[in-house]
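Work through these exercises with the model open beside you. Try each task before you read its solution.

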Amino acid sequence: MAPTSFAMIQEPGLTVSATRHGDALRVVIVGTVEARDPGALLDPYWSELDQTVRREGIGQVELDVSGLDFMNSAGLLTLVRWVMKVRAEPGYQLVLRHDENVTWQKTNVPVLAKLAPSVVRLAAT
């Protein structure tokens with residue numbers, strides 16, 4: 001099966017892209033999340049992605065934040081909401097890929113995984 005592309009966010013300083021490979025979806029975030037209210041952009045994106053993954057029976061979503069230089073607390077809150085939804089309604093595994101050499105990732109991404117250890121796991125780059 002050829003890779004299928006999903007919706008993309010392309011804003012100044014931020015790109016979020018998702019590509020399906022068989023039973024897995026790889027979501028890559030590059031740039032920075034510094035907006036005062038990134039939830040206005042990211043919450044609907046994560047929600048639509050979650051719905052599509054469930055509808056299409058995708059078994060694993062890999063969220064790669066290793067290219068994300070910075071994510072503020074409001075941006076992290078959007079990920080917390082997504083993780084909590086997956087915990088409350090399991091339907092797929094969420095893999096968080098991060099760079100342990102980037103301070104905000106080293107300190108925050110493992111905490112996201114601890115919120116839902118039954119459905120979320122870490123993968124360091």
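**Exercise 1. Find the salt bridge between the side chains of Asp-64 and Arg-26, and say which strands it links.**

Solution. This is a predicted model. Start with the distance. The side chains of Asp-64 and Arg-26 form a salt bridge, at 2.5 Å from N to O. Asp-64 sits in strand S5, and Arg-26 sits in strand S4. The two residues are 38 residues apart, so the pair links distant parts of the chain. Now classify each one. Buried means under 20% relative accessible area. Asp-64 has 5% relative accessibility, so Asp-64 is buried. Arg-26 reaches 35%, so Arg-26 counts as partly exposed.

**Exercise 2. Decide whether Glu-62 is buried or exposed, then list its side-chain polar contacts.**

Solution. First, locate Glu-62: it belongs to strand S5. Its relative accessible area is 14%, so Glu-62 is buried. Then look at its side chain. Another, of 3.0 Å, goes to the side chain of Arg-97. Finally, widen the view. Beyond its neighbours within four places in sequence, Glu-62 is in contact with Leu-25, Arg-26, Val-27, Val-95 and Arg-97.

**Exercise 3. Which residues join Arg-26 in one network of salt bridges?**

Solution. Begin with Arg-97 and Glu-62. Their side chains meet in a salt bridge of 3.0 Å, N to O. Arg-97 lies in strand S6 (residues 93–98) and Glu-62 in strand S5, 35 residues apart. Arg-97 has a relative accessible area of 22%, so Arg-97 is partly exposed. Now connect the pairs. Salt bridges with shared partners tie Arg-26, Glu-62, Asp-64 and Arg-97 into one network.

**Exercise 4. Describe how strand S4 pairs with strands S3 and S5.**

Solution. Take S3 first. Strand S3 (residues 14–21) and strand S4 (residues 24–33) are antiparallel, with 8 bridges. Ser-17 has Val-28 in S4 as its bridge partner. The hairpin has 2 residues between the strands, and Gly-22 there has a positive phi near 65°. Turn to S5. S4 and strand S5 (residues 60–71) run parallel, joined by 9 bridges. Here Leu-25 has Val-61 in S5 as its bridge partner. From S4 the chain passes through helix H1 (residues 39–56) to S5, a right-handed β-α-β crossover.

**Exercise 5. Which helices does the salt bridge of Lys-85 and Asp-50 link?**

Solution. The closest N and O atoms of this pair are 3.9 Å apart. Lys-85 is in helix H2 (residues 73–88), and Asp-50 is in helix H1. Lys-85 has 29% relative accessibility, so Lys-85 is partly exposed. Asp-50 has a relative accessible area of 1%, so Asp-50 is buried.

Technical notes:
Residues numbered from 1 in each chain as written. Predicted model: local features only at pLDDT ≥ 70, side-chain atom pairs only at ≥ 80, totals over all residues. Heavy atoms only, no water. Pairing = 2+ DSSP bridges. Helix = DSSP H or I, 4+ residues; strand = E, 2+ residues; numbered from the N terminus. Right-handed = clockwise from strand over helix to strand, strands pointing away. Buried < 20%, exposed > 50% of the residue type's maximum accessible area, 1.4 Å probe, protein only. Polar contact = N/O pair within 3.5 Å; in protein donor to acceptor, adjacent residues only side chain to side chain. Contact = heavy atoms within 4.5 Å. Salt bridge = Lys/Arg side-chain N within 4 Å of Asp/Glu carboxyl O.
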